[in-house]
Amino acid sequence: MHSERKVTKMSSDEKDSSDEIWEQILEQRSIQKAEAEQETDPSRKMLESWLNNTFRIKMTDGRILIGMFVCTDADANVILGMTSEFTENGGEERVLGLVMIPGRYIVSIEIDEANPVGAN
């Protein structure tokens, strides 16, 4: 058994409901983008200025992680990229890559704002 499919072609002048939905989505995204650009929250601006900067994070177990700041969240968890781990007693570097550090294990954070990663 072979079922036939009916294909309906629409002229470019005709619109279906999916076109209208798509236009609504695009309009909504445009509004959200404009609102985000007008954001004046100083905390947000500070976080944005730290993106791609080198962070040195000391953890409760004595380890030190050095990597590029990618993001954080409301629980103070931090994500670093291109991260290396060092022990408190000066052990050998261990390359970790992308890491998520739970905020409850962070003792201190130092930011090297003068040398963002990738700024040559």
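The model is predicted, so local features need pLDDT of at least 70 and side-chain atom pairs count only at pLDDT 80 or more, while totals for chains, interfaces and linings use all residues. Residues are numbered from 1 along each chain as its sequence is written, and side-chain values use heavy atoms, with hydrogens and water left out.

**The sheet**

Begin with the open sheet, in which 5 strands are arranged in the order S4-S3-S2-S1-S5 with antiparallel pairing. Strands (E, at least two residues) and helices (H or I, at least four) are DSSP runs numbered from the N terminus, and two strands pair if DSSP finds at least two bridges between them. Select 94–101 for strand S4 and 106–112 for strand S5 to see the edge strands, each of which pairs on one side only. On average, neighbouring strands of the sheet are turned by 30° against each other, direction ignored; the axes behind this value are lines fitted to C-alpha atoms, for helices over the stretch in contact, and angles run from 0 to 180 degrees between N-to-C directions.

Next, select residues 54–59 (strand S1) together with residues 64–72 (strand S2), which pair in the antiparallel sense over 5 bridges. Here Thr-54 stands opposite Met-68, and Arg-56 has Ile-66 as its bridge partner. The two strands form a hairpin with 4 residues between them, and Gly-62 in the turn has a positive phi of about 95°.

**Asn-53**

Now move to the loop between helix H2 (42–50) and S1, where Asn-53 is found. Asn-53 has a relative accessible area of 4% and is therefore buried (buried means under 20%, exposed over 50%, partly exposed in between, with a 1.4 Å probe and protein chains only). A polar atom of the Asn-53 side chain lies 2.8 Å from the backbone oxygen of Ser-49.

**Helix H1**

Finish at helix H1, residues 17–37, and select Leu-26 within this helix. Leu-26 counts as partly exposed because its relative accessibility is 41%.

Conventions. Polar contact = N/O pair within 3.5 Å; in protein donor to acceptor, adjacent residues only side chain to side chain.
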